[in-house]
Structure formats: structure tokens, C-alpha cells
Amino acid sequence: MLNSMEEGKVYEVLLVTTSNVTPIGVVREGNVLRFKLFPGRSFRDLLMKPRASIQITNDVELIVKAALNLPIDVKFEGGGGFRWIAGLPGCYGDVNYELAVWKDEIGESEVLLGRFVPSGRIGGSLRQLPLSRADFMLLEMAVHFTRFTVSRDPDLSKKIKLLYGEYRKLGGHSEVAEYIMKNSENPRIDGQRENF
């Protein structure tokens, strides 16, 4: 897997920890994958047990559902203290990390700066279906939505609405997109999202 990645380019992958699956952007530097992870279940998992699996998928719905902590329909396998999604290619290994403070236009947060060192390969294959242009719109909607849930910025809500329009024009029809729209148009006062 590592050999197929260009150095310096950001790749979207799935990080599988002891209790969670979350998409992350990784950058290859030699034989290491670097990433940053904001607080949440995967963050806590790595603090307790700094090992994980990193897997590749071209299933945008899986990536988006994992990002939004929605139920995903996968089976898990494992060995040697590692856990991974059955059928998806990837690798497993230790995670070296340091904690830092991240600041951007949304605010300030603690962040885990990870260095994933692969020690084993996970066999699997990708589904034989090309990504659609609607898939790209859904992925961007999810990126803006995760930021919206933190900031409640009305400009992000507008971006989501525009992306949703493009998504529908391109043939997209997903319950996940409807979930994003519903929860970005009418955010609840207590900051909680509606159930999926």
C-alpha cells in the first residue's frame, strides 16, 4: 500500500482503532504515514493503545458515515492486537505521536500528531465501481458539515446547500446527504444532531 502512495500528497484513508473507524488524511514520508487527529473516540483509543490499522476504500458512503459517526455495515477481523475491516486492503502498525495545539478559523483544539509505522499488510480488494462526480460532492458536504457542527457558521451551511444542489444534479441520492442537509439547515439549539 505504502509503495503506491506519492510522498507529500494527502490521501483519504480509514483509521481503525480498538473501538472506532474514522477517515483521516495521511501523507507519506518515506516508510511512515503522518496524520493529525482531533479529539474523539479514535484520539482516546490511540492515547490508550497507540496501534491501529490504516485501510483504503473507494466507498465514499463508508467514509462519510464513519466521519459522521453514523452506523456502518462492516465486519471486523484482527490479529496480534490489531483490528481491521474485513475485505479492505491496508496495513497495521504502531502509532508514535505527540500532542499539540491546533488553531484555525473555527477555533483552538488539542490535536494528536501521529506517525504511523506499518508492520504488517492487510489483504483485500476495492469494489469495482468508479467514483461518481456526485461522490465527490458528498465527500465535500461531509467535510463542511463536520466543521459546521463545531462552529455553526452560516457560511458553511450555505456551502453545504450549494454542494447538495450539485450533488442532486449529478444524480446523487443518499440518505446520508439528506441527513447532512436536515442537520445543517435546522441545527438544534443544544447542538445535537438528529438521528440517522
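Asn96 stands opposite Arg115 in strand E8, a pairing that belongs to the antiparallel run of E7 alongside E8 (residues 107-122), held over 15 bridges. The coordinates come from a predicted model, in which local features need pLDDT of at least 70 and side-chain atom pairs count only at pLDDT 80 or more, while totals for chains, interfaces and linings use all residues. Residues are numbered from 1 along each chain as its sequence is written, and side-chain values use heavy atoms, with hydrogens and water left out.

## The barrel

The strands E1-E2-E3-E8-E7-E4 make a closed barrel of six strands with antiparallel pairing. Neighbouring strands of this sheet are turned by 45 degrees against each other on average, direction ignored; axes here are lines fitted to C-alpha atoms, for helices over the stretch in contact, and angles run from 0 to 180 degrees between N-to-C directions. Strands (E, at least two residues) and helices (H or I, at least four) are DSSP runs numbered from the N terminus, and two strands are taken as paired if DSSP finds at least two bridges between them.

Strand E2 (residues 21-29) pairs with strand E3 (residues 32-37) in the antiparallel sense over three bridges. Val27 stands opposite Arg34 in E3, and Glu29 has Val32 in E3 as its bridge partner. The two strands form a hairpin with two residues between them, and Gly30 in the turn has a positive phi of about 65 degrees. E3 is in turn joined to E8 by five bridges, the two strands running antiparallel, and here Arg34 stands opposite Arg115 in E8.

## Salt bridges

Side chains of opposite charge can pair when their charged atoms come close. A search of the whole structure finds seven salt bridges, the criterion being a side-chain nitrogen of Lys or Arg within 4 Å of a carboxyl oxygen of Asp or Glu.

| Pair | Closest N and O atoms |
|---|---|
| Lys9 and Glu6 | 3.2 Å |
| Arg51 and Asp94 | 3.5 Å |

Arg51 and Asp94 form a salt bridge that links distant parts of the chain, with Arg51 in strand E4 (residues 51-55) and Asp94 in strand E7, 43 residues apart. Accessibility is classed as buried under 20% relative accessible area, exposed over 50% and partly exposed in between (1.4 Å probe, protein chains only). Arg51 counts as partly exposed because its relative accessibility is 26%, and Asp94 is partly exposed, with a relative accessible area of 39%. Lys9, at 38% relative accessibility, counts as partly exposed, as does Glu6, with a relative accessible area of 47%. Glu108 and Lys103, by contrast, are both exposed.

## Surface and contacts

Leu47, Met48, Tyr97 and Leu99 make a nonpolar surface patch of about 400 Å². Patches are made of residues with over 30% relative accessible area and no salt bridge, where like charges are joined within 9 Å and nonpolar side chains (Val, Leu, Ile, Met, Phe, Trp, Tyr) within 5 Å; the areas come from the Shrake-Rupley method with a 1.4 Å probe, and for residues only the protein chains shown count as cover. Helix H1 (41-48) and strand E7 (90-104) each supply at least two residues of this patch. Met48 is found in helix H1 and counts as exposed because its relative accessibility is 75%.

Glu98 also lies in strand E7 and is exposed, with a relative accessible area of 51%. Not counting residues up to four places away in sequence, Glu98 touches Val111, Leu112 and Leu113, where contact means heavy atoms within 4.5 Å. Glu98 and Ala67, 31 residues apart in sequence, are 22 Å apart in space from C-alpha to C-alpha.

His144, found in helix H3 (residues 133-151), counts as buried because its relative accessibility is 15%. Leaving aside neighbours within four places in sequence, His144 is in contact with Leu156, Lys159, Ile160 and Leu163.
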